[in-house]
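Hi there,

Here is the structure I promised to pass on. Have a look at it first, and my notes follow below.

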Amino acid sequence: MTVGLPHLLTLSAMLFGIGLYGALSRKNAVHVMMSLELMANAVNLNLVAFSRFVTPEAMTGQFFAVFSMVVSAAEIGLGLGLVLAIYRRKRSVELDAMQELKG
Amino acid sequence: MSQTLPTVAFYLLAFAALYGAISMMSTRNVVHATVWLLEVMLATAGIYLALGAEFLALVQVLVYAGAVAVLTLFTVMLTLRRREDAVRPFPVAWGSLAMAALFTGGVLLALNGFCSVPTGMPATAPGLEDFGRELFTTWMVPFEIASLVLLAALIGAVWWTGGDDR
């Protein structure tokens, strides 16, 4: 029994699904950001696995994963900064408290 | 000649990652959820190491396990100060669960039925040295753009969070 690319893709899909559930269901902005990080992590795992199994010499997937990590690091920094700014205005980070645009 | 991943190590790491992710969703405490996220990130770093991506494993530990977890913990401490904010039951959201399960099931079905993926791993993988050389020759311009993105994110985060007078 060997571990191949399908095992890695299955693991990554499951992690992505769990992160998707968290991002859809949580009422707390910090928890939603964490779930988004979990999803980004699953995508990076996919990139690295494809890079290793399909084109190990070019390492394209690894470079894509590096840049994807840059973007998700910027995203979590800005997102948590935004959460802090919202907390300062509203004294709450619950998503239910942010519904000014609700019709 | 094809090589395979170490089976026991892979299954241990995959179990650690999935268990951590499920615990992150089922725990009642936001701080515990952050620590579970940290565990998932460390398990992923282990899988990167098994895949021969040493640099990415290091970056994963530094950026995700180090910076992101600490940043999230700081935000939890600054925003969810009362205990009843940070510790409370999270009821199962069946609609979200159904959507996520549907999505995951669709992806797994597509993976099984519609595409033929190679199972054998190529024996040779370039090392850290080739990675660095490639990064600073072929991927030079994206690398610089990435540093600009990080700079913009840094300035934006400082602007948003700093000072009460804005």
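**How the two chains meet**

Helix α3(A) and helix α3(B) are roughly parallel to each other (angles under 35 degrees count as roughly parallel, over 145 as roughly antiparallel, 65 to 115 as roughly perpendicular and the rest as oblique). Their packing angle is about 10 degrees and their axes lie 11 Å apart, with α3 covering residues 60-90 in chain A and residues 54-79 in chain B. Axes are lines fitted to C-alpha atoms, for helices over the stretch in contact, and angles run from 0 to 180 degrees between N-to-C directions. Helices (H or I, at least four residues) and strands (E, at least two) are DSSP runs, numbered from the N terminus.

Among the residues making this contact are M69(A), L80(A) and Y87(A) on α3(A), and V63(B), L71(B) and T75(B) on α3(B); two residues are in contact if their C-beta atoms, placed from the backbone, lie within 7 Å. The helix pair's contact residues comprise 16 nonpolar, 5 polar and no charged (Ala, Val, Leu, Ile, Met, Phe, Trp, Tyr, Cys and Pro count as nonpolar, Asp, Glu, Lys and Arg as charged, and the others, Gly among them, as polar).

Across the two chains, the contact takes 57 residues from chain A and 67 residues from chain B. On chain B's side, α3(B) gives the largest share, 12 residues.

Please keep in mind that this is a predicted model, where local features need pLDDT of at least 70, side-chain atom pairs count only at pLDDT 80 or more, and totals for chains, interfaces and linings use all residues. Residues are numbered from 1 along each chain as its sequence is written, and chains are lettered from A and ligands numbered from 1 in the order in which they are written. The model scores ipTM 0.89 and pTM 0.88.

Best wishes
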